[in-house]
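Here is my note on the structure you sent over. Please read it with the coordinates open.

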Amino acid sequence: MDLSSKIRVIEGFPIDGISFKDITTILKDKEAFSYTIDTLAGLVGEGIDYIASPEARGFIFGTALADRLGAGFIPIRKRGKLPAETIKHDYELEYGTDTLEVHADAFENGGKVAVVDDLLATGGTLNTCCKLVEKAGGTVERIVVLIELTSMNGREKLEGYDIRSVLTYDI
C-alpha cells in the first residue's frame, strides 16, 4: 500500500508557507491504519519492552504498536498531566520553552524502549522524549516515526540514535 497517497496535504496550514501532512485520513481508513501499524511494528522490531510516545498524536500510534508488539506503553505528557511523581525535561520551542514529563517509576527495572511519534521535524520533542526515557532508567533502542520532514534537520538533534521513518518529505 502506498501510504503517501493516504495522507492529505493541506497547503498554507497552519500558516502560509507550511505544507501540512494530515494523518487523519490514515486513521479513518481501517485498512490503511492497520497497514501503518504493521509497517511501524516492522521498523520497531523485536525485543522491545516499552513503547514511549508523546501526546497527543504519538499516543495514537504508540498504544496500537504496544498492543501489536506485546509491549508496555509509557505516556510522555505535558507538564502537570501525570498524577504520580514525575521526571521533567525542558526544551526549546520557536518562541520560548516547554516541559514534558514521564512517571519516575516508568522503567523501574530498566527496559528497551522504542520512542514512537507521528512526525520528526526539528527533533526537539523526540530529543526530549529520549532524555526522559534515559533519566527514568530506560534505554532508547530506536526512534520510529510515520513521517520525517528531512529539510527540518531533526536528525541533527538526535545524533547517536537509531531513527527509522516510514515516509520522508523534503518540504
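This is a predicted model: local features need pLDDT of at least 70, side-chain atom pairs count only at pLDDT 80 or more; totals for chains, interfaces and linings use all residues.

1. The largest pocket. Its volume is about 1,200 Å³. The lining counts 36 residues, and R57, L119, A121, T122 and T125 are the closest to the centre.

2. What the lining is made of. By residue class, the lining of the largest pocket splits into 19 nonpolar, eleven charged and six polar residues. Several elements each give at least two residues to this lining. Among them are the strands β2, β5 (86–93), β6 (96–103), β7 (112–120) and β8 (139–149). The helices α1 (24–27) and α4 (124–135) also belong to that group.

3. T128 in helix α4. T128 sits in helix α4, one of the elements that supply at least two lining residues to the largest pocket. Is T128 buried or exposed? Its relative accessible area is 1%, so T128 is buried. The side chain of T128 reaches back to the backbone oxygen of G124, at 2.9 Å. Leaving aside neighbours within four places in sequence, T128 also contacts H89, Y91 and L100.

4. L65 in helix α3. L65 belongs to helix α3, which spans residues 57–69. L65 counts as buried because its relative accessibility is 0%. Which residues does L65 touch, not counting those up to four places away in sequence? They are I37, L40, A41, V44, I51 and V116. For a distance check, take L65 and F20, which are 45 residues apart along the chain. Their C-alpha atoms are separated by 24 Å.

5. Salt bridges overall. How many salt bridges does the structure hold? The count is nine. Three of these pairs are taken up in the next points.

6. R8 and D22. These two side chains meet in a salt bridge, with an N to O distance of 2.7 Å. The pair links distant parts of the chain, 14 residues apart: R8 is in strand β1 (residues 8–11) and D22 is in strand β2 (residues 19–22). The two ends differ in accessibility class. R8 has 40% relative accessibility and so counts as partly exposed. D22 has 8%, which is under the 20% limit, and therefore counts as buried.

7. R68 and D38. R68 forms a salt bridge with D38, and the closest N and O atoms are 2.2 Å apart. This pair also links distant parts of the chain: R68 lies in helix α3 and D38 in helix α2 (residues 30–44), 30 residues apart. R68 is partly exposed, at 40% relative accessibility. D38 is partly exposed too, with a relative accessible area of 43%. Please look at the 2.2 Å value in the coordinates yourself.

8. D162 and R164. The side chains of D162 and R164 meet in a salt bridge at 2.8 Å, N to O. What is the accessibility class of D162? It is partly exposed, with a relative accessible area of 30%. R164 counts as partly exposed as well, at 27% relative accessibility. The pair belongs to a network of salt bridges that links R142, D162 and R164.

Terms used:
Residues are numbered from 1 along each chain as its sequence is written. Side-chain values use heavy atoms; hydrogens and water are left out. Helices (H or I, at least four residues) and strands (E, at least two) are DSSP runs, numbered from the N terminus. Buried means under 20% relative accessible area, exposed over 50%, partly exposed in between (1.4 Å probe, protein chains only). Contact means heavy atoms within 4.5 Å. A salt bridge is a side-chain nitrogen of Lys or Arg within 4 Å of a carboxyl oxygen of Asp or Glu. On a 1 Å grid over the protein atoms alone, a cavity is a set of points where a 1.4 Å probe fits but cannot get out, and a pocket is an open set with protein on both sides within 12 Å along at least five of seven lines; lining residues have an atom within 4 Å of a point. Grid points are joined across faces, edges and corners, and a volume is the space filled by probe spheres set on the points. Ala, Val, Leu, Ile, Met, Phe, Trp, Tyr, Cys and Pro count as nonpolar, Asp, Glu, Lys and Arg as charged, and the others, Gly among them, as polar. A polar contact is a pair of N or O atoms within 3.5 Å; within protein, one must be able to donate a hydrogen and the other to accept it, and residues adjacent in sequence count only if both atoms are side-chain atoms.
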